[in-house]
Amino acid sequence: MIQRFSYGAVVETNAVVGTIKPDTGVPSFGTVTSDSPFLWNYPMGPDDIVYGLGENMRGMNKRGFRYVSWCSDQSNQNESTESLYGAHNFMLISGERTFGVFFDTSSRITFDAGWTNPDTLTVTGSSTGVDFYVITGEGKNTSAEVSIVCQFRKLIGQSYIPPRWAFGFQQSRWGYRTEKDVREVVRKFREAGIPLDAVCLDIDYMQDYEDFTVDPRKFPNMKQLAEDLKAEGIHLVPIIDAGIKIQKGYSVYEEGRTHNYFCTKKDGTAYTAGVWPGRSQFPDFLNPEVRDWFGSKYESLTSLGIEGFWNDMNEPAMFYSDEGLAETFRKIKTFEGKNLDINSFFEFTSLAGSTFNRTDDYERFYNRVQMKDGRTEMQRHDNVHNLYGAHMTRASGEGLQKLSPDRRMLLYSRASCIGAHRYGGIWTGDNTSWWGHLKQEVQMIPALNMCGFLYSGADIGGFGSDTSRDLVLRWTEFGVFTPLMRNHSAWNTRRQEYYQYDHIEDFRSVMNLRYALLPFIYSEFVKSALSGLMYFRPLSFDFPSDERARRVEDELLLGESLLIAPVYEQNALGRYVYLPEDMIQVIWQNGQAVQQDVVKGDHFICVPLNAVVFFIKHGHLVPLCRPALSSDKLDTSDLAFIGDGTSYELYEDDGFTRNIKLEGNIRKLTKQAV
Ligand code: GLC
């Protein structure tokens, strides 16, 4: 059951589909002690677990720390980080009383999950109203946890489903500067016999970092390039940034300026801040007319044969504002000629870096906002900050739907809030080549699934800092299972394409597992998207009364039958795994799957560096396809099986139709058919 309680003047966030009438009573879980700012307290039982909050640091159990929904360009991700790129305000409290809560609001909101007071969960809103949803389980055959997520996912609408090729591997790097670079990456992948479905283009493909342009010196014939690569089953996926360069004669800027499509200051003039191209202005994606316009701009690239995009810097990231910069220079000058002591020296050195993504800059401009009661009004940006990136995704998703009504397009974004999950996926931003960030992805991804973001994944190998061969390999072994599987890194780091390393056969073998599983992964993904079930979930969701399973933080259930337990420590011989029931262990090594029965309980499992170990629930069958160099070449008429079940219902379609339904697209595979 879902109840809605409404507090204050609520902005239309587009998170929820359909309407639930506001309840006039009080929530039966916890207490709302203030409407404005919103304040809710819940006394937690000693063993209660707090799940959810989507893209955030720390464990699957969020208890014991404080998190802030405030979409942030955050490349410094560590245990103290309270905000990342997404604002995913859904939590599931599992324990003495099990229920879900969703705080539908457009601005900053803080979740204190027993940090200030270990027994109290406190949620504090800010300037804007909040629609507070409370969800209780009603499953007969499922756990309360699964039922709550399912109901929540129905409330927020069906998750985005990309084309099937997007489940193939994507190679990316901020640093492929020219057509030659891109062709070389493709050639080396093909020479190495490692599958590849896409190459991402980072900002260097653009002319002067101007969206929807191509630099003709670096990419003289993008159309030809796209066509040549497509003939090999490889797609180009260019980046689009939120900021539009202020440049006379640049058509996107000129159109935006003529029609007043950019966010404005109080006096109605367009707001300016610096990003990659220097001084830029920011489309007001909250305005439907602006969304239509921006969405239509993708045609400049779809007309060249491009079928996928990643949207970036849409928190929006701002390096500086005119105002912030002026103030900083003024302050820096005051230090000139002074004897800098312990305090003034550090104050001085921090000044130049202080212009970046400043809260006061987000208070200097306005968006045209739709209110829940139907009115439209100008709101200061900080009131609706968390909607900005999501509405860029909406603009792109709706635009691409119009440009390509019959074929799905690939789209993923950096900033997001719930609602954006219907239009695109997300990648989890600028992580670092650290083992801890591999573990962080394992812990974050089920929370993203709870919030509707099924098509998601982290930069494999790590974005920032120099990686190592073993980290890339172990991360890829986990990436085998994530719907978005992309290796991406920053320009100033050690190269991390698989062909850079010795014993390339290890990478080939692991990647072949991805392609062998791809029809199954696609099938499980589509079923999860259509049903509201989770593709990835914590063990406790299927084994709620198993106290050990409830505390497992580094294993995941995947779809109907898999349990995965990635290795995330350097030099590890293997790892401890807790199995909540008897299962079949599969070890994939050198392109072969070997199975053996394992009983419920704790095990130390040896996992050689070039192997992937995972588990299948008894009574299930998992189809394996013969790997191919790209997903379009996979032959699903010839499948082998692992597991001891007798059948599997494989969802299959043409890979691009927009009209996705299970009926007519399920093929019942039986073991006899092998
Ligand atoms: C941002 C993105 C990163 C990208 C870079 C350059 O930092 O998060 O993925 O490579 O910008 O466009």
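Modeller: The count comes to 0 disulfides, where a disulfide is a pair of cysteine sulfur atoms within 2.5 Å. This is a predicted model, so local features need pLDDT of at least 70, side-chain atom pairs count only at pLDDT 80 or more, and totals for chains, interfaces and linings use all residues. Residues are numbered from 1 along each chain as its sequence is written, and side-chain values use heavy atoms, with hydrogens and water left out.

Start with Cys 263. The closest cysteine sulfur to its own is in Cys 71, and the gap is 14 Å. That is too far for a bond. Cys 263 is also buried, at 1% relative accessibility. Buried means under 20% relative accessible area, exposed means over 50%, and partly exposed lies in between (1.4 Å probe, protein chains only). Cys 200 is buried as well, with a relative accessibility of 1%.

Now the ligand. The residues around it are Trp 174, Asp 202, Ile 203, Ile 239, Trp 276, Trp 310, Asp 312, Arg 414, Trp 427, Asp 430, Phe 463 and His 488. A residue joins this list if one of its heavy atoms lies within 4 Å of the molecule. By class, the shell holds 7 nonpolar, 1 polar and 4 charged residues. Here Ala, Val, Leu, Ile, Met, Phe, Trp, Tyr, Cys and Pro count as nonpolar, Asp, Glu, Lys and Arg as charged, and the others, Gly among them, as polar.

Some side chains in that shell make polar contacts, meaning pairs of N or O atoms within 3.5 Å. Asp 202 places a polar side-chain atom 2.5 Å from a ligand oxygen. For Arg 414, the distance from a polar side-chain atom to a ligand oxygen is 2.9 Å. For Asp 312, it is 3.0 Å. Taken alone, the ligand exposes 310 Å², and the protein buries 98% of that. Such areas come from the Shrake-Rupley method with a 1.4 Å probe.

Next, the backbone. Ser 36 and Pro 37 are joined by a cis peptide bond, with omega near -5°. Pro 37 sits in the loop between β2 (31-35) and β3 (38-43). The bond from Glu 315 to Pro 316 is cis too, and its omega is about 0°. Pro 316 is in the loop between β18 (308-312) and β19 (320-321). Helices (H or I, at least four residues) and strands (E, at least two) are DSSP runs, numbered from the N terminus.

Two asparagines deserve a look. Asn 14 is not a glycine, yet its phi is positive, about 75°. It lies in the loop between β1 (2-7) and β2. At 12% relative accessibility, Asn 14 is buried. Asn 260 also has a positive phi, near 55°. Its loop runs between α4 (251-258) and β16 (273-275). Asn 260 is exposed, with a relative accessible area of 62%.

Finally, step back. The protein has 15 helices and 39 strands. Of its 674 residues, 63% count as buried. The C-alpha atoms fill a box of roughly 75 × 65 × 55 Å along the principal axes.

Notes. A polar contact is a pair of N or O atoms within 3.5 Å; within protein, one must be able to donate a hydrogen and the other to accept it, and residues adjacent in sequence count only if both atoms are side-chain atoms.
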